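Visitor: I am new here, so please show me around. Where shall we begin?

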Amino acid sequence: MGMATESQFHVLAVDDSLVDRKMIERLLQKSSCQVTTVDSGSKALEFLGLRESNESNDPNAPSSSPVTHQEIEINLIITDYCMPGMTGYDLLKRVKESAAFRSIPVVIMSSENVPARISRCLEEGAEEFFLKPVKLADVTKLKPHMMKTKLKKESEKPSKEDNAVLKHEIRKDEEPSVIEILPLHQDVEQEPMLSNNKRKAMEEVISTDRSRPKYNDITTLV
Amino acid sequence: LMTAKSLASKETVNGRCWFYSDDDDGISVYLNRELHAMNTVVAQLQTQFQDYLVSLYQQGFLDNQFTELRKLQDEGTPDFVAEVVSLFFDDCSKLINSMSRSLERPENVDFKQVDSGVHQLKGSSSSVGARRVKNVCISFKECCDVQNREGCLRCLQQVDYEYKMLKTKLQDLFNLEKQIVQAGGAIPQHFPSYTILRPDIRPCLDA
């Protein structure tokens, strides 16, 4: 199964609940992603190679560069909001503050529909906000976000081989304009208008009837 | 024409059925009868399974999210649902025990701890589609918010009852699944066409 890892997306999933970790792992695997799960924000940072303490200019600190993170390519971080210690929001901030990782799309999950919380996360740079319980249909929305990092990384490499990969991924993508959205690492804009993705996420979570069945009003099911 | 001599004899060797006959017609009739009998058994078990599953939704034990859970199971991960619900039941047991300890002494209740436990329980029950358990958690949280110890104790008892009830029900469901597989059949993925479910628990059928 690990043969085609070059074109496979690698997602880092963060959740303190074991049941939810199992769920999100399987949801992502079902969407053909490679998954790494951790149970806390600090473990997530550790996995990425970021120190818990700030990357300060302390002359006494060991002059080690986080070598490991260079080898691990993460295409998306999906994290629970409510976690003991470091919340999903704290993790989001740390990632977006980091020069090395701020381009990684971050998605927040929460069991609580709190509009203020949602907009705070989106403003901080989260791509999407999912209300739990997360479904397969939600996870399929992640592909476009993960594509962006792939395309960006591919466009930085000069080799011809990667151009072929680039073309292949463009073809798969429904919106050709995705390339024009790059570069990703611009500062968070104070735009009055939310982007389509964000607006969609907002509209979705504000809807109260999450359990609204999506059937065509028939009483028989096949 | 069928004669006693031409009917095939059956033997089970190493768990596999072997049919012996000196007569081709005898073999095929016998095989057809055997297959028909097997198919009937499988069909009966499949119907039993579907009826039971539907009843769990109709009685409110399960909701839409359980359907989502089943979608994640496939030939490569045939025990996924059973594994996840098993983790959920372990969670229930552990959280109920710790909340019980927190609620034990009336003069010294740690409502923060209880609230944390209820939050976790509500989250995981919601994730697996354990509807009744989740609903008790909603009431439980309300009691916790107003620091109503008596109410909390009642909810604790109810949540304990509900998770154990669901555990039994799902065990029966998984046993039916096993029987179907052992009889050589496939586990039905969809509800039978006669199914009529209440709107609030009707599963999403997005492919």
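Guide: Let us begin with a term: contact means heavy atoms within 4.5 Å. This is a predicted model, in which local features need pLDDT of at least 70 and side-chain atom pairs count only at pLDDT 80 or more, while totals for chains, interfaces and linings use all residues. Residues are numbered from 1 along each chain as its sequence is written, chains are lettered from A and ligands numbered from 1 in the order in which they are written, and side-chain values use heavy atoms, leaving out hydrogens and water.

Visitor: Which residues in α5(A) meet A:Tyr89, A:Leu92, A:Lys93 and A:Lys96 in α4(A)?
Guide: Helices (H or I, at least four residues) and strands (E, at least two) are DSSP runs, numbered from the N terminus. The axes of α4(A) and α5(A), the latter being residues 115–124, come within 10 Å. On the α5(A) side, the residues are A:Arg120, A:Cys121 and A:Glu124.

Visitor: How many charged residues are in the contact of α4(A) with α5(A)?
Guide: The classes are nonpolar (Ala, Val, Leu, Ile, Met, Phe, Trp, Tyr, Cys and Pro), charged (Asp, Glu, Lys and Arg) and polar (the others, Gly among them). In the pairing of A:Tyr89, A:Leu92, A:Lys93 and A:Lys96 with A:Arg120, A:Cys121 and A:Glu124, 3 residues are nonpolar, none is polar, and the charged ones number 4.

Visitor: Is the crossing of α2(A) and α4(A) left-handed or right-handed?
Guide: Axes are lines fitted to C-alpha atoms, for helices over the stretch in contact, and angles run from 0 to 180 degrees between N-to-C directions. Those of α2(A), residues 41–48, and α4(A), residues 88–97, come within 9 Å and cross at roughly 25 degrees. A crossing is left-handed if the near helix is turned anticlockwise from the far one by less than a right angle, and right-handed if clockwise. For α2(A) and α4(A), the crossing is right-handed.

Visitor: Which residues of α2(A) make the contact with α4(A)?
Guide: The partners on α4(A) are A:Leu91, A:Arg94 and A:Val95. The whole contact has 5 nonpolar residues, 1 polar and 1 charged. From α2(A) come A:Gly41, A:Ala44, A:Leu45 and A:Leu48.

Visitor: Which residues of α4(B) meet A:Val19, A:Asp20 and A:Met23 in α1(A)?
Guide: Here a helix of chain A packs on one of chain B: α1(A), residues 18–30, and α4(B), residues 111–128, lie at about 30 degrees, with axes 9 Å apart. The residues of α4(B) are B:Gly123, B:Ser124, B:Ser127 and B:Val128.

Visitor: How far apart are the end C-alpha atoms of helix α6 of chain B?
Guide: This helix covers residues 149–182, which is 34 residues. The expected span is 1.5 Å times one less than the number of residues, so it should be 50 Å. In agreement with that, the end C-alpha atoms are apart by 49 Å.

Visitor: Which residue has a backbone oxygen 2.7 Å from a polar atom of the side chain of A:Thr140?
Guide: A:Thr140 sits in the loop between α6 (136–139) and α7 (143–156) of chain A. Its C-alpha atom is 8.8 Å from that of A:Leu28, 112 residues away along the chain. The backbone oxygen belongs to A:Ala137.

Visitor: Which proline has a cis peptide bond from A:Lys132?
Guide: Most peptide bonds are trans. In this one, omega is near 0 degrees. The proline is in the loop between β5 (128–131) and α6 of chain A, and its name is A:Pro133.

Technical notes: Polar contact = N/O pair within 3.5 Å; in protein donor to acceptor, adjacent residues only side chain to side chain.
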